[in-house]
Amino acid sequence: MSVRFLALLIVMTATGALAQGFAGLGTKSEGFSVPEPGHTLVFPDDHGPHPDFRIEWWYLTANLNDGNGTDYGLQWTLFRSALLPKADNGWSASQTWMAHAAVTTANRHFSTERFSRGGIGQAGVAANPFSAWIDDWHMTSRSAAGEDQLAALHVTARGLDFSYDIKLTASGPLVLHGESGLSVKSASGQASYYYSQPFYTVTGKINLPSGQVEVSGQAWLDREWSSQPLDPDQTGWDWLSMHFDDGSKLMGFRLRSRSAETYTSATWIDPAGKATAYGDGALRMVPGPTQRVADREVPTVWRLQLAERDLDITIEALNTQSWMETLVPYWEGPVIADGSHRGRGYLEMTGYQ
Amino acid sequence: MTGAGFAALLSHWRYRPLQLATLIVGLALATGLWTGVQAINSEARSSYARAAAALGQDTLERLQSKVGRPIAADRFVALRRAGWLVSPVVEGTLRLGRIRVRVMGIDVFTLPQRATPIGPSGNAGIADFVAGDDLVLVHPETAAALVDRDLNLRTSLQVAPGSLVADISSAWALLKRQDFDYLMVAPNQPDGLAPLSEIAPDLKRVAPDPQGDIARLTDSFHLNLTAFGFLSFAVGLFIVHATIGLAFEQRRTVIRTLRALGMPNRTVILLLLAETVFLALIAGLLGVVLGYFIAALLLPDVAATLAGLYGTSVPGSLALRPDWILTGIAIAFGGALLAVGQGLWRMARMPLLAPAQPRAWAMASLKNSRWTALAAAALLLTSLAMAWLGGSLLTGFLILGTLLLGAALLLPTLLILALRLGARMARSAMAEWVWADMRQQVPGLSLALMALMLALAANIGVGTMVESFRNTFTGWLDQRLASELYVSANSEAQAEDLRAFLSERADAVLPIRTTEVEIGGLPVFLYGIADHATYRNHWPLLERTENVWDRVADGDGALINEQLFRRGGYRRGDRLPVAPGWTEEIVGVYSDYGNPTGQVIVNHDKLMGYFPDIPKLRHAVRVPPEEASAVAEALVEELGLSPDNILNQADAKRFSLTVFDRTFLVTGALNTLTLGIAGFAILANLLTLSTMRLSQIAPVWAVGTTRASLARLEMLRTLALAVLTWLVALPVGLLLAWVLLAIVNVEAFGWRLPMFVFPMDWLRLLALAMIAAGLAAAIPVWRLARTRPASFLKVFVHER
């Protein structure tokens, strides 16, 4: 999952967002479809948009290195947010789009965002052949017809002071989270449809003010859609995706609440792509010391334990200041894991005032 | 000692409350008119600044069609997909019930950050603008006029009055359009984009305009207002100067006593200065309050004028702004110090025990009057020289200033000369005394009479200009608006239907094609017209070559408007660079009143050959006048054209004349106020003189003249002085009118107007002047008639 809920924020005024949980994710879902147990995801159709659900995203994070071993993080996200539960219709904007792109190094963090209404071709997603775009940014399938459309991708984005152009090739299958892709987000039953492609290897170029670098590494694509993914009392979340050195992967999140205990969920993915879902409480996420980031305290070191997998690791941000200076700001950046398992991944934290 | 001295000096005012009132009211009036004009200007300027900043127009580049076409919606998407950070804007005007509004449609998703107040960073969320909510942002004043409309209004002070800001989709629905007028270009663009000259060769980048067209266009209007404000202030200052001078003279005995008691001259001067500052503060505050009310009274008319002349929107209500409040108080101080300066200067150099006698004062003034006559001559010569050299709007106003001031300073000398002539004709001792006494009065009244003369001259000058303009304008409208109907279509398809529909019903359908070009760095509108009797018989040409219409019809020459002609310094026969690679001989010049920009008229086919993309939407339609309204109705009912797209000749003329009249309503109001101030000046002077003159009248009473006849003579004298002043004001006013018509108008607006004279207006003014002077003299005369004989006798008792 992830931030990703951010999409809805563009629907809200700033005060409205505060009143109704982070980015308005606690709002009701009248007229919109809601995720149901027992539903089966169908590909390639479900790679495309679901306009009858309120929010949806195509969320890519990558941990990369250049030839000298320098670490880079990279993010490309397209959010869809529906104002009305119907497909686009000209300029009336029942569907809206927002995109974030970022590149993180150990001491710099570049980020930018774009907005568009649906229905006019400035932004959108097509399932087959797969293509997601906004302005001149795009995530386009390089797969042959008939193959999984997400198996090979070409991704570009451009900000004022950075750009990138990367090619991704998947070495494993799509992974469904929760129960056949139904990922529960709270004790009261809020849920989303959620699947990932965590097995990408990446090559490409990043342009920064300091010059162009050739990079390679690993990437993780999340696909998620829902209509009311959070309980109104939930104030934010901490989400992470990890690539361990032994080839196994971990997705985990912790939802914070005003009134109740935090709610956690995890998916363990073995190197062959077999996924095991863990419900509330199996994954323990304990925040470590905080850092001053954009005038607030944010924990950039965490201890993670998943007893069933003998996992006990500490993760630490590559750059503690991985702050997304976007319309609704949040922390998103690459992390390095040490302890029972070594590896790297991405951490996202929202709702820190 | 100092305290007691100050109290002694101040006690003067306690005994002469009327003089104190005169001083304060005079200064307050002067400050008030000036402040009022400044408040109006300030309000208008802030409104222009807001309009210029609307949607970041003052800081953001734009992308627009080279030939003035709308931009198709998919062009915007194509440019975004190519990576360019552009954001579309659609603009149009719309009649909503009683008011016309300017609709601005924006894309809330791509609006650059500087294009506040709306957009992701603004005060409303994106969702409020789209998906059926259709939020419309308006100024509170506009919102009040739209309450009965079915619009989802939210007020914002960031939006200019008279404008609606809404999302593209809502604006399109209101304007019935599907395209854009221009694209805003975000100031920072990513690197490595394909150049716009390649991907959008038909669009041009237009630099941001920090000032805004409106502010530039209206500059001359505001300069006009400022000039009138200054004139009023000058007239008011005359009063203050006269009153303060008088107070100085009357306090000579007090000052003499203070000095004799040992108070240093410096302390006396400082005390008098402190008194001036104190009085100026009171008067300044009063003046600012007065200015506020004057401005609030005049602002709705000014706003209407600006809307009619320049299409600008200025709110009809006034905000308190520190700039004009502080300037108002400062100018009251400046004025008071200026007025008191001469008195202090004289006092500092006056012998310690100089006797304080009215006649001595008058004699001193007389000696002064030689110098003022010399100064007047110098000013008038300067004025003449500047008129000869000419040059700019500022020169125009300087000519006006020197002319008026010179004439005012010359007035006492002229009056005294006239009175000497009169005295020669005197046949009796009584008559001789009357003439001599009038001459004796001139120095004391001269400042008030100067003020009256200025007010009269300004009235005659401005009145002549306005009436001349109106005469010319009315005739010009008849020529210029020769077609019965002016019809525009919303699309080329509709335009074709329109032409087909009209081909059977109208005598002629004349295309009006226009595009914007740049000549000499300024925007100029280029028109293409078809050859037709409508133009040949009616078009108002100021200059023409032989066969001018044949040459335009053959595509061998261009007509230009007077504004472009004068601004560019062209002569007939010059070649005009119309567009790159296209020059045209100037074969005629036409008058084009009320238009702030330059215009060129060429042959229709030649224009369309050069700019094939010009939209073919507008038409002038000739029909028999009695059928005009039937054809207009048919266009609406049978063709489905919106009534907003049809303008008939009669409405256009009426609208133009209304705008015209409102334009000069403000000038008229200022004029009347100035005249009022001058009347007050005379009253003030006569009041103070009347007490002093007792010693001169007493001997005449003593030799047997009744109080009643003395009062009659007093009144006659005042009226005679008013008539003489009017006689001087007449030529000055006509000169003023000439300067306004031939210099100021040309520089400010780019057109020269023929001068007409209106003798009936002069007589009306004479009557006004006599009424003003008569009213001003009424109280002193009444007092004289009621003076107790004992008071007359006291003069002899106290004979110094």
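Among contacts in chain A between residues at least 6 apart in sequence, what percentage join residues at least 24 apart? The share is 56%, where a contact means that the C-beta atoms of two residues, placed from the backbone, lie within 7 Å. This is a predicted model, in which local features need pLDDT of at least 70, side-chain atom pairs count only at pLDDT 80 or more, and totals for chains, interfaces and linings use all residues. Residues are numbered from 1 along each chain as its sequence is written, while chains are lettered from A and ligands numbered from 1 in the order in which they are written.

**The two chains**

- Chain A has one helix and 25 strands; helices (H or I, at least four residues) and strands (E, at least two) are DSSP runs, numbered from the N terminus.
- Of the 353 residues in chain A, 56% are buried; a residue is buried if 20 or more other C-beta atoms lie within 10 Å of its own, exposed if 12 or fewer, and partly exposed in between, with C-beta atoms placed from the backbone.
- Chain B contains 25 helices and 20 strands, and 44% of its 800 residues are buried.
- In chain B, 81% of the contacts between residues at least 6 apart in sequence join residues at least 24 apart.

- Strand β6(A), residues 130–134, is mostly covered, with four of its five residues buried.
- Strand β5(A), residues 123–127, runs antiparallel to β6(A) and is joined to it by five bridges; two strands pair if DSSP finds at least two bridges between them.
- Ala126(A) has Ser131(A) as its bridge partner in β6(A), and a hairpin through two residues joins β5(A) to β6(A).
- Four bridges pair β6(A) with β7(A), residues 137–141, in the antiparallel sense, and Trp133(A) stands opposite His138(A) in β7(A).
- The hairpin of β6(A) and β7(A) has two residues between the strands, and Asp135(A) takes a positive phi near 50° there.

**The eight-stranded sheet of chain B**

- An open sheet of mixed pairing is formed by eight strands of chain B, in the order β6-β5-β7-β4-β3-β9-β1-β10.
- Strands β6(B), residues 152–155, and β10(B), residues 203–206, stand at the edges with a single partner strand each, so one side of each is left without a neighbour in the sheet.
- From one strand to the next, the twist averages 30°.
- Strands β1(B), residues 61–65, and β9(B), residues 182–185, run antiparallel and are joined by three bridges; the partner of Arg62(B) in β9(B) is Met184(B).
- Helix α3(B), residues 73–81, packs on the sheet and touches β3(B), residues 86–96, and β9(B), its direction making about 160° with that of β3(B).
- Such angles run from 0 to 180 degrees between N-to-C directions, and axes are lines fitted to C-alpha atoms, for helices over the stretch in contact.
- Helix α6(B), residues 168–175, lies across β3(B), β4(B), β5(B) and β7(B), running at about 145° to β4(B).

**Nonpolar cores**

- The largest nonpolar core has 134 residues, of which Leu78(A), Val86(B) and Leu183(B) touch the most other members; a nonpolar core is a set of buried Ala, Val, Leu, Ile, Met, Phe, Trp, Tyr and Cys residues joined through C-beta atoms within 7 Å.
- Strand β12(A), residues 191–208, supplies the largest share of this core, eight residues.
- Beyond its neighbours within four places in sequence, Val86(B) is in contact with residues including Leu63(B), Phe76(B), Leu183(B) and Met184(B).
- Another core, of 123 residues, lies apart from the largest one and has Val37(B), Val302(B), Leu410(B) and Leu419(B) among its members.

**Helices of chain B**

- Helices α14(B), residues 429–480, and α23(B), residues 707–749, pack at an angle of about 35° with their axes 5 Å apart.
- Thr276(B) is in helix α10(B), residues 265–310, and counts as buried because it has 20 C-beta neighbours inside 10 Å.
- Thr276(B) and Leu337(B) are 61 residues apart in sequence, with 7.1 Å between their C-alpha atoms.
- Gly676(B) is in helix α21(B), residues 649–692, and counts as partly exposed, with 16 C-beta neighbours inside 10 Å.
- The C-alpha atoms of Gly676(B) and Ala772(B) are separated by 7.8 Å, although the two are 96 residues apart along the chain.
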